[in-house]
Amino acid sequence: MSYQFIMPKQVFYGENALSDASEHISAFGKKALIVTDPMMVKLGNAKRVTDILDKSSTQYAIFDGVTGEPTDKIVEAGLKVWNDEKCDFLIAVGGGSPIDTMKAIGAVATSGGSINDFLGKVITVPTPPMVAIPTTSGTGSEATQFTIITNTEKDIKMLLKGAVLMPDLAIDDPAFTMTAPPSVTAATGLDALCHASEAYTSRKAQPMTDDLALSAVKRIFEYLPIAYREPQNVEARAQMSLAALEAGTAFNNASVTIIHGMSRPIGALFHVPHGISNAMLMTECFYYVCDGAEKRFADMARAIGKADEADSDAEGARKFVSACKEICDVCNIPSVSGYGIDLDEFRRAMPKMAEDAFASGSPSNTIKEISVDDILKIYDRLCK
C-alpha cells in the first residue's frame, strides 16, 4: 500500500529561524501583504518581520484587521487591501486566525469570487506565494492545506481544503511565542494535542504521520505544563513550537476526527476560541471513542509514561483519557457552563451542532463508527 505525504515546500524552525529565512522571504516578490492582528502590531511581532523586509528593500502593506477568528467579512477586507496596494505575495504573522485569513485571501486573490463559494469544494487554483509565521504553538496552520473561515450568513465554520493552501515557507521561531499569555499558551497547546492524538487515531493514519503524532504527544505532555507555568522558559517554548509543527504536519496528512468536528459548531454559535472548545471536548470525546481503537490510545499512554506493557490495551486507553483530563485541569480549561455558556441555549443548539459536526466529515475519520446520535450524546455529557 502506498501513501501520499505533503508539507510546506520549506520549513525553518528553532531559534533564529526568522533571521535565517530572510533571504527566502524577500525572493517571493516585490511587495508583501502582511496579514496580522492588532495585538501582533502592539507587541512588536509584526515589526520583527517588517525589519527583515526593510533590510532587503522589499515593500509591504499591513492588514491588521484580523480581530477574532476569521470570517468571510475579514477576508473581504484583507482582499481589498491586497488589491489596493498591488501586492504580489503574502506573509501571515500571528496565530491560526491570521494564517487562515492569509490562505483565504490568497485563494480569492487568484480564483475570484467570495471565499464562501468554496464551501464543499476543493480549492485548486494556485495562490500567490505565502509565508506563515506562527506566534503560538498549536494551530499547525503553517503546515496544513486547510483554512477555517466562518460564513456569517449561514453561521457555520467552513473547513476549506486544497493543496494550494499549503504555505510555501513556514517559519517556526519560538521567539514569536514568548509573548503568548498563559491562557493562549494553554488553548493552542491543547489544540496541538488534539491534532496529534486525533491524527494518530484517525482512519487515515499512516506510518509517517504516526511517528510525527507520537513525537508531538510526548513533547506536549512534557513541555506544555512548563510553558503554561513559565512563559519565558525558552526550552519549553522551543519544544512546543516543534510539537505544534509536528502535530500540524501529522493531521494535515491523516486528518482530524470527532473532536474537531464537534468543536467547530461550538465556536461558530457560542464564539468560543477554537483551542478552548477542543479542550472542552477532548476528555468526553476520547472516553466515548477509545474502545474503538484501544491499542492506538494505549500506544499514546505508553509513550507519555502513563501506561506500560503490563497494562492491557483497554487499561492503557483509559489511562490516556485520564491523562488528557489531567493536562486540561493543569491548564485550567473551563467547562461549558464555566465558560459562561447558558446550558439551556446550548441544549437548544445541540441538534444543529450535531448535524453540522457530522456534515463536516471529521467525525467519520474516527475509527469507531460515529452517528449524529452519538454526537448528541457527547454534547449532552458536556452539560452535566
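**Reading cavities, a pocket and a helix**

Guide: The lining of the second largest cavity consists of one nonpolar, four polar and two charged residues. Here Ala, Val, Leu, Ile, Met, Phe, Trp, Tyr, Cys and Pro count as nonpolar, Asp, Glu, Lys and Arg as charged, and the others, Gly among them, as polar. The model is predicted: local features need pLDDT of at least 70, side-chain atom pairs count only at pLDDT 80 or more, and totals for chains, interfaces and linings use all residues. Residues are numbered from 1 along each chain as its sequence is written, and side-chain values use heavy atoms, with hydrogens and water left out.

Visitor: Which residues line the second largest cavity?

Guide: A cavity is a set of points, on a 1 Å grid over the protein atoms alone, where a 1.4 Å probe fits but cannot get out; lining residues have an atom within 4 Å of a point. In this case they are Pro134, Thr136, Ser137, Asp172, Asp173, Thr177 and Ser241.

Visitor: What volume does the second largest cavity have?

Guide: Grid points are joined across faces, edges and corners, and a volume is the space filled by probe spheres set on the points. The second largest cavity comes to about 30 Å³, and the largest cavity to about 60 Å³.

Visitor: Which helix gives the most to the lining of the largest cavity?

Guide: Helices are DSSP runs (H or I, at least four residues), numbered from the N terminus. H7 gives the most, with four residues; H7 (182–200), H8 (207–229) and H9 (234–254) each supply at least two. The lining of the largest cavity includes Thr136, Ser137 and Thr177, and divides into five nonpolar, six polar and one charged residue.

Visitor: How much space lies in the second largest pocket?

Guide: A pocket is an open set of points with protein on both sides within 12 Å along at least five of seven lines. The second largest pocket holds about 330 Å³. Of its 15 lining residues, Met280, Thr283, Glu284, Ser335 and Leu382 are the closest to its centre. H11 (274–289) and H13 (313–330) each supply at least two lining residues, and H11 gives the most, with four.

Visitor: Which residues of helix H12 are buried?

Guide: Buried means under 20% relative accessible area (1.4 Å probe, protein chains only). In H12 (residues 294–303) these are Phe297, Ala298, Asp299, Met300, Ala301 and Arg302. Their cover includes H7, H8, H11 and H13, where contact means heavy atoms within 4.5 Å. Just after H12, Gly305 takes a positive phi of about 80°.

Note on methods: Buried means under 20% relative accessible area, exposed over 50%, partly exposed in between (1.4 Å probe, protein chains only).
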